[in-house]
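Dear colleague,

Please find the structure below, handed over for your records. My findings follow it.

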Amino acid sequence: MGHEHHVFHNPPPATPADVLAAFDRGDLSGALDAMVGTALYGDGDWQELQELYLRLLHHEDHQISALAATCLGHLARVYRRLDEARVVAALRRAQSIPHIRGTADTAMDDIQVFLHPRRARWRARLNRALRPWTWI
């Protein structure tokens with residue numbers, strides 16, 4: 001049995017049109033790269049990207065729907081803004097789907113950290129203060 005090595009790479013910048021074009025071609029790998037490329041570089045309209053990822057959160061392919069949750073977290077980090085009520089509600093619903101649960105949790109953490117940094121710092125301090133007592 002062999003071992004497969006995966007190499008990390010940042011995809012190039014992309015647009016929502018690139019994501020849709022990759023889907024039209026049936027190019028899953030290209031669509032995944034374009035999804036990340038649209039989220040990481042901050043060159044687009046955050047609202048258009050948010051709508052794209054909210055739609056893709058319900059995609060039938062598990063990789064696409066899970067990555068859509070991750071990309072929503074990236075938007076919070078890159079743009080420091082979202083339609084938070086809609087995105088958080090969608091991610092909470094997605095948390096009930098097993099293959100999205102982890103990435104939805106991480107996206108919710110990213111939203112908390114990047115949209116509400118002061119609240120996130122206080123929560124981290126509280127968790128550190130309570131942690132010694134969790135073994136009881």
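What percentage of the 136 residues in the protein is buried? Buried residues account for 36%, where buried means under 20% relative accessible area, exposed over 50% and partly exposed in between, with a 1.4 Å probe and protein chains only.

This is a predicted model, in which local features need pLDDT of at least 70 and side-chain atom pairs count only at pLDDT 80 or more, while totals for chains, interfaces and linings use all residues. Residues are numbered from 1 along each chain as its sequence is written, and side-chain values use heavy atoms, with hydrogens and water left out.

The protein has 7 helices and 0 strands (DSSP runs, H or I of at least four residues for helices and E of at least two for strands, numbered from the N terminus). Of the contacts (heavy atoms within 4.5 Å) between residues at least 6 apart in sequence, 62% join residues at least 24 apart.

The axes of helix α3 (residues 46-56) and helix α5 (residues 84-94) come within 11 Å and cross at roughly 20°; the axes are lines fitted to C-alpha atoms over the stretch in contact, with angles from 0 to 180 degrees between N-to-C directions. Gln50, Glu51 and Leu54 of α3 meet Arg86, Val87 and Ala90 of α5 in this contact.

Asp110 lies in helix α6 (residues 101-115) and counts as partly exposed because its relative accessibility is 22%. Leaving aside residues up to four places away in sequence, Asp110 touches Gly73, Ala76 and Leu115. Its C-alpha atom is 7.5 Å from that of His74, 36 residues away along the chain.

With kind regards
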